[in-house]
Amino acid sequence: MFCKAGIMKSHILRIVSIVVLMGVSVLTFAQDLLAEQAPMDRQMARIDSVVLSRLIKAELYEYPADDLYPEWSNDYAHKYGNVAMPDSLLIDLTGFCMPTENTKVNDIFGYRPRRRRVHYGLDIKVERGDTIRAAFDGKVRYVSYQRRGYGHYVVIRHPNGLETLYAHLNAKLVAENEVVKAGDPIGLGGNTGRSTGPHLHFETRLLGKALNPALFFDFPNQDVTGDTYLYVKPKKKVYDPSDPDTYYKVRSGDTLSRIAANKGVSVKQLCKLNGITTQSTLRVGQVLRLY
Ligand SMILES: [Zn+2]
């Protein structure tokens with residue numbers, strides 16, 4: 001099995017809870033024999049705490065990351081810009097399962113000059129029909145089909161705050177609002193949507209914002225990058241005329257969207273700061289203010 005780390009952890013948790021319960025029943029038996037009444041309250045307290053922790057866990061999966069997200073909705077894959085990002089968030093990566101056994105990364109996250117668009121995920125080579133698995137415990141929030149985009153795809157929200165998206169699936173094996181465990185099969189690898197060969201397009205998003213999946217998952221080594229990942233909101237740059245990073249000199253082949261993606265600013269901001277529109281022609285050597 002390739003889900004060693006993740007599955008092992010839940011096994012250990014299960015064993016620990018069985019041992020705790022066994023301990024309680026052995027204790028009950030021994031104490032019944034001795035007809036001692038006093039420790040009963042203590043036992044009840046221990047059983048209560050087991051029940052309580054189960055309830056807390058069930059709650060976690062009813063609305064995962066409830067404190068972070070303003071709503072649970074089955075109406076969209078992801079939203080942009082409507083929610084303020086937290087200043088920082090410690091994301092728990094333990095209990096993971098790699099979504100696929102395949103290790104070959106076909107395409108990385110970020111701007112792709114060749115296609116002049118931003119790639120919001122990682123492309124992992126898979127064979128049609130390969131099992132695709134949930135990366136963490138969680139609850140399926142959105143299941144859909146996009147003929148010219150994601151193809152068959154699934155979005156899962158996890159208690160650690162991340163949402164994972166699995167696209168170009170041949171088949172979907174889960175339904176919206178279904179609770180899944182890390183490693184549960186959620187789809188089959190495929191080539192649906194805008195895709196030129198069977199692969200898994202895998203996204204990791206925080207409050208809708210795409211973060212590089214390579215920050216969390218190391219596909220070639222089938223592992224996570226650590227037990228936790230500390231997300232820190234990038235500092236908003238302010239206008240500083242003495243800072244050369246405040247400006248950008250247009251190069252051959254540049255477009256507004258390319259510059260915006262590379263510099264982490266919006267096209268709208270570029271237009272506003274430089275008195276141009278999306279229809280304006282950029283000249284090579286033209287200097288644009290970025291912040
Ligand atoms: Zn992709």
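**View 1. Val 154 and its opposite residue.** Val 154 stands opposite Tyr 166 in strand S9. This is a predicted model, in which local features need pLDDT of at least 70, side-chain atom pairs count only at pLDDT 80 or more, and totals for chains, interfaces and linings use all residues. Residues are numbered from 1 along each chain as its sequence is written.

**View 2. Strands S8 and S9.** Strand S9 covers residues 162-169 and runs antiparallel to S8, with 5 bridges joining the two. Two strands pair if DSSP finds at least two bridges between them. S8 and S9 form a hairpin, with 4 residues between them. In the turn, Gly 161 has a positive phi of about 105 degrees.

**View 3. Strands S7 and S8.** Strand S7 (residues 138-146) is antiparallel to S8 and is joined to it by 7 bridges. Tyr 145 has His 152 of S8 as its bridge partner. Between S7 and S8, which form a hairpin, there are 4 residues.

View 4. Strand S8 (residues 151-157) is largely enclosed by the rest of the structure, because 7 of its 7 residues are buried. Buried means that 20 or more other C-beta atoms, placed from the backbone, lie within 10 Å of the residue's own. In the protein chain, 26% of the 291 residues are buried.

**View 5. The protein chain.** The protein chain has 4 helices and 19 strands. Helices (H or I, at least four residues) and strands (E, at least two) are DSSP runs, numbered from the N terminus.

Methods:
Buried ≥ 20, exposed ≤ 12 C-beta atoms within 10 Å, placed from the backbone.
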